[in-house]
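Student: I have the structure open. Can we go through a few parts of the fold?

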Amino acid sequence: MKENLPSGTAQRVAMRRAAHQLLDDPKVFDDPVALRIIDKESASALQADPHQFEATPLSPYLRAFVAARSRYAEDELALGVRRGVRQYVILGAGLDTFAYRNPYPEGVLRVFEVDHPATQTWKRARLEEMGIALPSDVTFAPVDFETQTLEEGLRSTGCDPDKCTFFSWLGVTEYLTTEVVMATLRFIASAPVQSGVVFDYMISPSLLTPAQRSRFDALAQRVASAGEPWQAFFDPELLTRDLRAMGFGYVEDKGPEEINVRYFKNRKDGLRVGSLSHIMNAQV
Ligand SMILES: C[S@@+](CC[C@H](N)C(=O)[O-])C[C@H]1O[C@@H](n2cnc3c(N)ncnc32)[C@H](O)[C@@H]1O
């Protein structure tokens with residue numbers, strides 16, 4: 001990330017979630033706050049022409065993936081709450097809106113938003129500007145993953161390490177170093193049994209076909225020139241093995257075929273996810 005500046009990619013993925021609310025029927029991820037959390041100007045522009053930010057042929061695939069990963073994380077969170085999860089830690093929260101539409105009765109699920117300090121300050125100003133009330137059960141933890149561990153960042157927030165906790169980490173791992181990603185996952189693996197994490201990650205470029213590789217290169221160039229270069233990529237088989245070795249008892253990797261069957265089957269508009277990223281679900 002550019003020093004002391006909020007993440008530009010956080011705004012861009014929030015725009016995709018907002019566009020999904022307007023463009024796609026049926027919606028894969030229903031987010032009634034998605035249009036309110038983007039700034040007023042962008043929201044009016046998007047409402048006037050929902051296609052205007054869909055600049056390239058890759059845009060629908062990216063929009064589909066952003067919608068699917070949030071849907072999958074919240075589906076898994078719901079299963080987690082049934083088995084006793086009482087804390088939800090959103091890592092690299094960006095403009096995620098879960099905390100502002102938390103469907104669980106008060107007192108059931110505490111939410112912790114962890115993000116880079118610059119992005120979090122910007123988000124809090126955005127919430128105020130848009131008149132989105134802060135629920136009493138949300139806590140903010142400013143953490144720069146590259147200089148501070150998640151354990152340190154959560155220490156003074158009231159997040160109880162002995163409670164069953166669900167973590168989501170969406171659209172973030174690729175912006176960090178592999179060492180930071182693995183250290184963070186090792187910390188999550190030390191959470192109480194029935195805790196879990198859902199995160200998405202980029203496939204190692206060496207595993208891509210030439211066509212996939214050219215799409216990867218185009219996107220990589222775009223994020224690098226915006227000051228947020230991709231750094232970490234994974235081989236699904238090796239990552240699954242490493243997560244098991246960390247102590248996760250249940251590890252499920254979801255590639256594009258499974259995601260498309262689960263969330264995009266029988267659509268008339270052909271919306272579906274592309275093949276550069278996977279979603280990982282790991283439970284302690
Ligand atoms: C693409 S956005 C995703 C935001 C959100 N998870 C979503 O899906 O809308 C990437 C997020 O990663 C966060 N991030 C990137 N590098 C970080 C770091 N070193 N420490 C903490 N957060 C970081 C950014 O602040 C931003 O919120």
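Student: Is L127 buried or exposed?
Tutor: L127 counts as buried, because its relative accessibility is 1%; buried means under 20% relative accessible area with a 1.4 Å probe, protein chains only. This is a predicted model, where local features need pLDDT of at least 70, side-chain atom pairs count only at pLDDT 80 or more, and totals for chains, interfaces and linings use all residues. Residues are numbered from 1 along each chain as its sequence is written, and side-chain values use heavy atoms, with hydrogens and water left out.

Student: Which helix does L127 lie in?
Tutor: Helix α5, residues 117-129. Helices are DSSP runs of H or I with at least four residues, strands are runs of E with at least two, and both are numbered from the N terminus.

Student: And what is L127 in contact with, leaving aside neighbours within four places in sequence?
Tutor: I37, Y100, I132, L134 and F140, where contact means heavy atoms within 4.5 Å. Y100 is 27 residues from L127 along the chain, and their C-alpha atoms are separated by 9.6 Å.

Student: Now the sheet. What is the strand order?
Tutor: β3-β2-β1-β4-β5-β7-β6, an open sheet of 7 strands with mixed pairing. Two strands pair if DSSP finds at least two bridges between them.

Student: Which strands stand at the edges?
Tutor: β3 (138-142) and β6 (250-254); each has a single partner strand, so one side of each is left without a neighbour in the sheet.

Student: How many bridges join β4 to β5?
Tutor: 4, between residues 165-169 and 196-202, and the two strands run parallel. F167 has V197 in β5 as its bridge partner.

Definitions and conventions:
Buried < 20%, exposed > 50% of the residue type's maximum accessible area, 1.4 Å probe, protein only.
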